Amino acid sequence: MIKRWWPTILCVAVILYATLSADPTAGAELPLFPGFDKLVHAVMFGGLAGAVAFDWQRSHRDSFLDRRRMAVICALCVVAGGVDELAQATLTEARSAEWADFLADIIGIAVAWVAAPPAIRRVLGLQ
């Protein structure tokens, strides 16, 4: 299973580290701009939705990643985003939950809902 789902597992590991660690950049100075944190949230959770969709399609080559399946994947990723915000609020002292972060997660997931299926078909040669 790990061999088939490694992109998803990697995304989950990165998200958990980035959102639950007190200082995920280890003090490094990043070129920050207003809203950088929200962009990171959108990329992380859009990437998660894309990774799950990719891994699902790779494991189910006989089935088509249609809108309904992609909607289920995205709904699960939205739930994961909510759980992540709750985890930040309850499991860490240095982090807090923010509605704006959750909204950024949802925006990233919505982008993946549209962009991931055609990209996955192209990458896997399923055109």
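Student: How far apart are the end C-alpha atoms of helix α3, and what span should its 25 residues give?
Tutor: Let's work it out on this model, which is a predicted one. Helix α3 covers residues 67–91, and at 1.5 Å a residue its 25 residues should span 36 Å. The expected span counts one less than the number of residues. The end C-alpha atoms agree with that, being 35 Å apart.

Student: Which residues of α3 are buried?
Tutor: Good thing to look at next! Buried means under 20% relative accessible area. In α3, the residues that pass this test are M70, I73, C74, C77, G81, G82, D84, E85, A87 and Q88.

Student: And what covers the buried residues of α3?
Tutor: Here we look for parts of the chain in contact with them, with heavy atoms within 4.5 Å. The cover includes helices from other stretches of the sequence, namely α1, α2 (36–59) and α4 (99–123).

Student: Is T92 buried or exposed?
Tutor: First find T92 in the loop between α3 and α4. The cut-off for buried is under 20% relative accessible area. T92 has 15% relative accessibility, so T92 counts as buried.

Student: Which backbone atoms lie by a polar atom of the T92 side chain, and at what distances?
Tutor: There are two to find. The backbone nitrogen of R95 lies 3.3 Å from a polar atom of the T92 side chain. For the backbone oxygen of Q88, the distance to a polar atom of that side chain is 2.6 Å.

Student: How many salt bridges are there?
Tutor: To count one, we need a side-chain nitrogen of Lys or Arg within 4 Å of a carboxyl oxygen of Asp or Glu. One example is the pair K38 and D37, whose side chains meet at 3.0 Å, N to O. Counted by this rule, the number of salt bridges is 5.

Student: Where do E98 and K38 lie, given that they form a salt bridge?
Tutor: Their closest N and O atoms are 3.0 Å apart. This pair links distant parts of the chain, 60 residues apart. K38 is in helix α2, and E98 is in the loop between α3 and α4.

Student: How far apart are the closest N and O atoms of D101 and K38?
Tutor: This pair also links distant parts of the chain, with D101 in helix α4 and K38 in helix α2, 63 residues apart. The two form a salt bridge, and their closest N and O atoms are separated by 2.7 Å.

Student: Which residues are linked in a network of salt bridges?
Tutor: Let's gather the pairs around K38. K38 bridges to D37, to E98 and to D101. Put together, the linked residues are D37, K38, E98 and D101.

Student: Is D101 buried or exposed?
Tutor: K38 is partly exposed at 26%, D37 is partly exposed at 33%, and E98 is partly exposed at 35%. D101 is in contact with D37, K38, H41 and E85, leaving aside neighbours within four places in sequence. With a relative accessible area of 2%, D101 is buried.

Student: What does the side chain of R61 reach, and at what distance?
Tutor: R61 sits in the loop between α2 and α3, and is partly exposed, with a relative accessible area of 46%. Beyond its neighbours within four places in sequence, R61 is in contact with L124 and L126. The R61 side chain reaches the backbone oxygen of L124, at 3.5 Å.

Student: Which residues make the nonpolar surface patch of about 510 Å²?
Tutor: Start from I9, which lies in helix α1 (residues 2–20). I9 is partly exposed at 41%, and a patch residue needs over 30% relative accessible area. The patch is made by I2, W6, I9, L10 and V14.

Conventions
Residues are numbered from 1 along each chain as its sequence is written. This is a predicted model: local features need pLDDT of at least 70, side-chain atom pairs count only at pLDDT 80 or more; totals for chains, interfaces and linings use all residues. Side-chain values use heavy atoms; hydrogens and water are left out. Patches are made of residues with over 30% relative accessible area and no salt bridge: like charges are joined within 9 Å, nonpolar side chains (Val, Leu, Ile, Met, Phe, Trp, Tyr) within 5 Å. Accessible areas come from the Shrake-Rupley method with a 1.4 Å probe; for residues, only the protein chains shown count as cover. Helices (H or I, at least four residues) and strands (E, at least two) are DSSP runs, numbered from the N terminus. Buried means under 20% relative accessible area, exposed over 50%, partly exposed in between (1.4 Å probe, protein chains only). A polar contact is a pair of N or O atoms within 3.5 Å; within protein, one must be able to donate a hydrogen and the other to accept it, and residues adjacent in sequence count only if both atoms are side-chain atoms.
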